[in-house]
Amino acid sequence: MMKALLSVFCALLSLTPALGATLPGGSHSQNNCELRPLGPGRDDTDQVEAAIAKCGHFGTTTFAEGSYNITRKMTWDLVSAKVDLKGYLNFPPDIDFWLNANNTYRVVFIQSQASWFVVTGSDFEVDAHNKGGIQGNGQPWWTYFATHTREDGDGRPISLTLFKVTRGTISNFRIQSPPFWSNAVAESSDVVYNGMFINATNTNPLYAGQNIVPNTDGIDTYRSDRVSLLNWDVTCGDDCIAVKGNSTNIELRNITCRGGNGIAIGSLGQYINMPDYVNNVEMDTLQMIRLDPSVQPNMGTGVYFKSFDGSVNGSPPTAGGGANVVDIACSPAAICDDISFENFNVAPPAGEAPRLICQNTANVTGLTGSDALQHLAIPLVRHESGLAGHAIVMELGKSRSF
């Protein structure tokens with residue numbers, strides 16, 4: 001019996017030396033770990049954690065295709081390592097379990113958000129080869145919260161959190177049915193996400209035509225520097241991308257947002273005694289696509305700013321934000337000054353006039369009518385099949401386009 005069990009274990013998790021494998025950062029692999037899923041109903045958490053513990057530093061970990069059941073919170077500490085994730089990390093929708101604060105991490109300070117899977121470390125790459133990633137099993141979550149109150153910091157888990165990462169890369173990754181934010185990167189630098197597919201789509205006919213998938217942001221960046229988001233395709237019911245406080249040198253390139261609220265700068269100024277700075281956000285080749293309203297009724301926004309008004313509203317603080325293709329919604333307590341647009345061209349659909357919103361701003365140039373209507377609404381800019389922008393470079397207080 002013992003011999004048979006040992007044989008099965010060795011077949012599932014083999015740890016063999018790699019010969020000359022080059023890892024991110026130029027180091028050479030010392031270990032090679034290979035995993036296969038244990039099968040339906042089996043718990044893969046132990047074997048996954050064992051492999052990362054063995055090969056997460058100066059090694060390579062390869063996941064074969066299939067579904068790996070992860071039943072508790074999990075951290076990957078990766079240093080000069082490569083992970084080939086060709087299968088899905090499957091987080092079962094045990095809602096009561098995950099809503100217990102003891103069963104998730106609270107490493108994302110803003111709004112005290114919960115995480116069930118955290119990646120930290122330096123000089124690593126996690127490549128899912130467009131075959132794997134995370135299965136969030138969001139449908140039971142969305143249905144549950146259709147009849148329960150949603151609050152910030154209530155324990156709904158972020159699917160993938162990068163925390164205190166230096167020189168990390170996530171490649172060709174897929175997140176299916178995230179119950180809450182799909183990604184967060186916090187307190188990190190020199191991070192690249194190249195190839196990210198996210199799909200938060202309700203399949204319960206009872207909620208057709210409603211936004212039953214709120215808070216399914218594609219990613220929220222926070223307290224991070226030099227983050228590149230390249231080649232993203234996001235279907236969600238909230239911010240496609242949210243560049244939150246103290247995010248600097250953020251690159252967005254070739255981003256497709258389907259449904260949801262578009263791309264947000266903010267929210268900023270949520271915590272009254274803590275300043276938020278956003279500098280040098282570059283956006284190039286954006287496509288915002290409205291979906292069939294019976295599937296996803298959102299998409300009233302393209303790129304917009306959100307800021308708080310300097311007051312405290314609850315714990316964690318809530319309320320604040322705004323609405324449209326270009327929506328600069330600054331706080332009346334601290335207006336945004338000196339905002340310029342160059343070569344900005346977004347066509348409206350037939351029969352509709354363009355509208356741009358600049359709230360609590362001064363010296364906005366380059367948008368038709370914006371000089372005369374700094375605090376007023378001008379008709380919404382849309383396109384028949386979606387919204388598009390090109391090479392918009394935004395800073396807090398400045399915006400320019402090439």
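**Entry 1**

I count two residues as in contact when heavy atoms lie within 4.5 Å. The model I am reading is a predicted one.

With that in hand I looked up S267. Leaving out residues up to four places away in sequence, S267 touches K244, G245, D276, K306 and F308. I placed S267 in strand 19, which runs over residues 263–268. Is S267 buried or exposed? Its relative accessible area is 6%, under the 20% limit, so I noted S267 as buried.

I then checked a distance from S267. The peptide bond from G266 to S267 is cis, and its omega is near 15°. I flagged it because most peptide bonds are trans.

**Entry 1: K306**

K306 was on the contact list of S267, and I followed it up. K306 belongs to strand 21, residues 303–307. Its relative accessible area is 12%, so K306 is buried too. Which side chain does K306 meet in a polar contact? The partner is D239, at 3.0 Å.

Next I went to S171, in strand 12 (residues 160–176). S171 has 6% relative accessibility and therefore counts as buried. Its side chain makes a polar contact of 2.8 Å with the side chain of E125. Beyond four places in sequence, S171 touches E125, V126, D127, A128, H129, N194 and G195.

H129 sits in the loop between strand 9 and strand 10 (133–135). Its relative accessible area is 29%, so H129 is partly exposed. Its phi is near 55°, a positive value, and the residue is not glycine.

I found another case at E187. Its phi is near 50°, again positive in a residue other than glycine. E187 lies in the loop between strand 13 (183–186) and strand 14 (189–199). At 30% relative accessibility, E187 is partly exposed. I kept both cases because most residues other than glycine have a negative phi.

**Entry 2: helix 4**

I listed the buried residues of helix 4 (residues 138–145) and got G138, Q139, W141, W142 and F145. Where do they sit around the axis? Their arc is only 160°, so they fall on the same side of helix 4. I asked what covers these buried residues, and the cover includes helix 3 (95–99) and strand 11 (157–158).

**Entry 3: nonpolar cores**

The largest nonpolar core holds 78 residues. Which of them touch the most other members? They are W76, L89, F117, F173 and Y193. I took W76 as the example. Neighbours within four places aside, W76 is in contact with V48, I52, F63, V83, L89, F117, V118, V119 and T120. Another core, of 8 residues, lies apart from this one, and V108, I110, I158 and W181 are among its members. I set a general remark beside this: in soluble globular proteins, nonpolar side chains tend to be buried together.

**Entry 4: aromatic rings**

I searched the whole structure for aromatic pairs and found 12. I opened the pair of F91 and W116. The ring centres are 4.4 Å apart and the planes meet at 5°, so the pair is stacked. F91 is in the loop between strand 6 (88–90) and helix 3, while W116 is in the loop between strand 8 (113–115) and strand 9 (117–127). The pair therefore ties together parts 25 residues apart in sequence. Both F91 and W116 are buried. They also belong to one aromatic cluster, formed by F63, Y68, W76, F91, F97, W98, W116 and F117.

**Entry 5: the chain as a whole**

Last, I noted the totals. The protein chain has 4 helices and 28 strands. Of its 402 residues, 53% are buried. I took the contacts between residues at least 6 apart in sequence, and 65% of them join residues at least 24 apart. The chain exposes about 16,200 Å², and carbon and sulfur atoms supply 52% of that area.

Note on methods. Residues are numbered from 1 along each chain as its sequence is written. This is a predicted model: local features need pLDDT of at least 70, side-chain atom pairs count only at pLDDT 80 or more; totals for chains, interfaces and linings use all residues. Side-chain values use heavy atoms; hydrogens and water are left out. Helices (H or I, at least four residues) and strands (E, at least two) are DSSP runs, numbered from the N terminus. Buried means under 20% relative accessible area, exposed over 50%, partly exposed in between (1.4 Å probe, protein chains only). A polar contact is a pair of N or O atoms within 3.5 Å; within protein, one must be able to donate a hydrogen and the other to accept it, and residues adjacent in sequence count only if both atoms are side-chain atoms. The arc is that of the directions from the helix axis to the C-beta atoms. A nonpolar core is a set of buried Ala, Val, Leu, Ile, Met, Phe, Trp, Tyr and Cys residues joined through side-chain atoms within 4.5 Å. Accessible areas come from the Shrake-Rupley method with a 1.4 Å probe; for residues, only the protein chains shown count as cover. Rings of Phe, Tyr and Trp (its six-membered ring) pair if their centres lie within 6.5 Å; planes under 30 degrees apart count as stacked, over 60 as edge-to-face and the rest as tilted.
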